[in-house]
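Student: Hi! Could you walk me through this one? I'd like to ask about a few residues as we go.

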Amino acid sequence: MPDTFEQAQARVLALNSDELPFVYQAAPYGIQAVWKYADVKWAAITAAGTIDASYELRVTLDPAESQWEFDETDTQSESRIRSTGGGGFSIGGSTSTFKGRETRKTFSFGVGSAASTTDRQGTHDGFTYGYAFTTDEIKEPLIAALEQGGWEPKKKGFFGKLFGG
């Protein structure tokens, strides 16, 4: 017999740890998983900037069918100030948001004379910054926990399977 809605939530919430760079939270629809994987401020002789990136996984649990489905949101923003030589400078920035299903791995490394990164363990100052992110790291344990509790991915019809459902 599959776990109840509450048991499925509790099974996933039991995965939380201070060692993980993300957190699972109970939500009225099921489970929310949040990962703020980049919060970087840096400065060097010729440039300075910030990078901010976060990822949210929303898992909707259907207790009547003991099925789950998820939706992902990935947001990234960046700002930079650079010397253009000859006494000039440029300012730039970008923001992007993705919503849907994705599998992604990101690795970033940078150097600045005054760099700081913030993660779940606090803020760290130094001369370099870096971060790594993979969607599988947050999804795989959650899916395994739900499957151990007797839950299955939501079944989609023929067209849903045909077009990536």
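Tutor: Happy to! This is a predicted model. Let's begin with K154, which is partly exposed, at a relative accessible area of 33%.

Student: Which residue does K154 form a salt bridge with?

Tutor: Its partner is D62, and the closest N and O atoms are 3.6 Å apart. The pair links distant parts of the chain, with K154 in the loop between β8 and α3 and D62 in strand β3, 92 residues apart.

Student: How many salt bridges does the structure hold?

Tutor: Four. One of them joins E72 and K139, with the closest N and O atoms 3.1 Å apart. E72 lies in strand β4 and K139 in helix α2, so this pair ties together parts 67 residues apart in sequence.

Student: Are those two buried or exposed?

Tutor: E72 is buried, at 0% relative accessible area, and K139 is buried too, at 7%.

Student: New topic: how many residues are in the largest nonpolar core?

Tutor: That core has 20 residues, and those with the most contacts inside it include Y24, I31 and L142. The elements giving two or more residues to this core are α1, β2, β3, β4 and α2.

Student: What is Y24 in contact with?

Tutor: Leaving aside neighbours within four places in sequence, the contacts of Y24 include V12, I31, I138 and L142.

Notes. Residues numbered from 1 in each chain as written. Predicted model: local features only at pLDDT ≥ 70, side-chain atom pairs only at ≥ 80, totals over all residues. Heavy atoms only, no water. Core = buried A, V, L, I, M, F, W, Y, C linked by side-chain atoms within 4.5 Å. Buried < 20%, exposed > 50% of the residue type's maximum accessible area, 1.4 Å probe, protein only. Helix = DSSP H or I, 4+ residues; strand = E, 2+ residues; numbered from the N terminus. Contact = heavy atoms within 4.5 Å. Salt bridge = Lys/Arg side-chain N within 4 Å of Asp/Glu carboxyl O.
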